[in-house]
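Let's take some of the terms used for this model and ask what stands behind each one. Have the structure open as you read.

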Amino acid sequence: MTVNKEYVLKTVKEILDFNSPSGFCFEIMERIGEFAKEFGYEFETTRKGCGIITVPGKSSERVVGLSAHVDTLGAMVRSITSGGTLKFTLVGSPTVPTLDGAYCTIRTRQGVLYSGTFLSTSPAAHVYEDSRTKPRDPQNMEIRIDESVSSKSEVEALGICAGDFIFIDPKTRITESGFVKSRFIDDKGSVACLISLLEHMSRNRIVPEYTTKVFISTYEEVGHGSAYIPADITEMLAVDMGCIGEDLSCTEYDVSICAKDSGGPYDYNMVSRLVELAKGNQLKYVVDIYPMYGSDVGAALSAGNDIRGALIGPGVHASHGMERTHYEALENTIRLIYLYLTEPGGN
């Protein structure tokens with residue numbers, strides 16, 4: 001397989017540019033549907049907004065599910081202060097101290113957008129004695145709106161109210177050396193891997209061994225992304241970020257194969273086959289245990305689906321903060337999924 005580097009990086013940049021916190025994935029899912037149409041594959045959505053791309057296989061004896069999630073971390077307006085700033089509630093679990101100074105966009109129910117900034121409630125070093133030491137958490141932070149407002153009523157006059165979504169600026173950059181650095185590479189990097197793989201298979205008329213359903217979930221960051229999956233899926237490979245850090249082997253250049261996360265071990269035979277394919281084809285890969293992690297496969301299993309499940313993904317540094325990966329990790333991930341779908345074998 002020859003991976004089109006330019007297409008992969010173009011796709012990851014495009015997907016990262018969408019605002020799509022859990023619960024607001026309508027716009028990005030329209031684009032996912034357009035991708036499927038471009039490739040000639042059937043596309044449908046579930047009632048809660050997840051996407052399903054169906055790729056016919058040589059056999060329908062079993063149906064292989066691939067999953068990745070387009071939803072990201074984010075925030076919502078919790079309340080408006082008397083001084084005209086916003087208190088916020090988190091969507092998912094971003095690393096809150098990294099939000100201090102982050103730019104954001106507030107979207108009203110009417111679709112009006114306002115820019116703003118996450119700040120400590122002691123934001124000025126020349127004024128507040130605790131500006132460096134005050135905890136960075138929702139209780140001690142607020143959002144400064146870039147409008148001429150200084151009271152609750154003036155903010156309300158803009159149409160802003162509790163429950164409005166707050167989009168965090170991803171600050172995406174792709175370097176000449178091949179690094180992708182951005183918020184929300186978890187899991188838009190994996191979505192880009194799947195889209196790039198489908199583009200390659202469509203363009204080269206490659207048919208997988210078994211009918212494959214690509215499930216793009218929209219609530220993974222809040223725990224129930226793939227709680228529902230199509231009933232005919234018999235095995236599911238989640239493609240999500242690989243963990244990097246203490247006591248782990250993964251780097252930003254590897255495809256990580258997860259043997260166990262906080263929900264328990266993944267299917268032994270699926271994991272073994274993934275290892276064999278990666279090793280036999282000289283991919284840069286590692287096998288790791290993720291200590292504080294859950295996946296779409298975990299959600300599907302917890303919901304009672306009778307499937308086998310495994311998890312792989314590109315190594316991503318600084319998860320839920322200012323993340324970074326390298327093109328090599330994306331390519332190794334694409335290659336491993338391709339081998340899993342097209343190489344005869346399995347259990």
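**Strands, helices and their terms**

Strand E4 (residues 74-80) and strand E5 (residues 86-91) run antiparallel and are joined by 6 bridges. The model is predicted: local features need pLDDT of at least 70 and side-chain atom pairs count only at pLDDT 80 or more, while totals for chains, interfaces and linings use all residues. Residues are numbered from 1 along each chain as its sequence is written, and side-chain values use heavy atoms, with hydrogens and water left out.

Q: What makes E4 and E5 a pair of strands?
A: Two strands pair if DSSP finds at least two bridges between them, and here 6 bridges join E4 to E5. One example is Met76, whose bridge partner in E5 is Thr89. The hairpin has 5 residues between the strands, and Gly84 takes a positive phi near 90° there.

Q: How do you know what counts as a helix or a strand in the chain?
A: Both are DSSP runs, numbered from the N terminus: helices are H or I with at least four residues, strands are E with at least two. On that basis the chain comes to 7 helices and 19 strands.

Q: Why are H2 and H4 called roughly parallel?
A: The axes of helix H2 (residues 26-39) and helix H4 (residues 185-203) cross at roughly 20° and come within 9 Å. Axes are lines fitted to C-alpha atoms, for helices over the stretch in contact, and angles run from 0 to 180 degrees between N-to-C directions. Angles under 35 degrees count as roughly parallel, over 145 as roughly antiparallel, 65 to 115 as roughly perpendicular and the rest as oblique. H2 and H4 are therefore roughly parallel.

Q: Which residues make the contact of H2 with H4?
A: Contact means heavy atoms within 4.5 Å. H2 brings Ile28, Ile32, Phe35 and Phe39, and H4 brings Lys188, Val191, Ile195, Leu198, Glu199 and Ser202.

Q: What makes E10 and E19 edge strands?
A: E10 (173-174) and E19 (323-326) each pair on one side only. The open, antiparallel sheet has 3 strands in the order E10-E11-E19.
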